Amino acid sequence: VCRACLADAKLRGMGVEIDPKLVDLSRANARREGVAERTEFVVRDALKTDLSKASVVTVYLLPFLIDQLQPRFLDQLRPGARIVTHAFGMKGWMPDRSETVRLTKPHPSQGDSSQIHLWIVPAQARGRGVKPVVQRGAPQLPRSYRLEWRAGSCPPESRRRREKRES
């Protein structure tokens, strides 16, 4: 959250955590980075948190909790807000960008790398009469607003990674 706010002075960040020690650490990091006035870290249940004021939401939760939060992202976040998840995606909503990040030392449960996903809330997902379409229990953007890849093509980020490996 702190680094995202450093990169763009217009961004506001919000961190929700159930562990008070991690909230204190996050607040200290925000003060050290000079973005404390644009970030908020609270001890709270993420499923009951008002997200409407945030422009960046970072999520480090298990998939079943992300599934519960996903409709709230579309209902509460403003267009252009960013959602970043660690390791897990969202059903029916392709990330705008995904990256594999190398860890400085291997983690016992995830090895030497981590997958990070970024979504940018589209303008079309907000407003009266525009609600996520539910298919098989997964909230989705209406078909006309989803980014879809045709057979044989790949997302630009994947294409760039493949080109790097080939060179």
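1. Strands are DSSP runs of at least two residues, numbered from the N terminus. The structure under review is a predicted model. In this model, strands E5 and E6 make up a hairpin, and three residues separate the two strands.

2. How many aromatic pairs does a search of the whole structure find? The search returns one aromatic pair. The partners are tryptophan 93 and tryptophan 119, with a centre-to-centre distance of 6.2 Å and an angle of 50° between the planes. The geometry is classed as tilted because planes under 30 degrees apart count as stacked and those over 60 as edge-to-face.

3. As to its place in the chain, this pair links distant parts: tryptophan 93 belongs to the loop between strand E4 (82–86) and E5, whereas tryptophan 119 sits in strand E6. The two residues are 26 apart in the chain. Are these tryptophans buried or exposed? Both tryptophan 93 and tryptophan 119 are buried.

4. A further point concerns glutamine 70, a residue of helix H3 (residues 63–76). Glutamine 70 has a relative accessible area of 1% and is therefore buried, the cut-off being under 20%. A polar atom of the glutamine 70 side chain lies 2.9 Å from the backbone oxygen of lysine 91. This separation falls within the 3.5 Å limit for a polar contact.

Note on methods. Residues numbered from 1 in each chain as written. Predicted model: local features only at pLDDT ≥ 70, side-chain atom pairs only at ≥ 80, totals over all residues. Heavy atoms only, no water. Pairing = 2+ DSSP bridges. Helix = DSSP H or I, 4+ residues; strand = E, 2+ residues; numbered from the N terminus. Buried < 20%, exposed > 50% of the residue type's maximum accessible area, 1.4 Å probe, protein only. Polar contact = N/O pair within 3.5 Å; in protein donor to acceptor, adjacent residues only side chain to side chain. Phe/Tyr/Trp six-rings, centres within 6.5 Å; stacked < 30°, edge-to-face > 60°.
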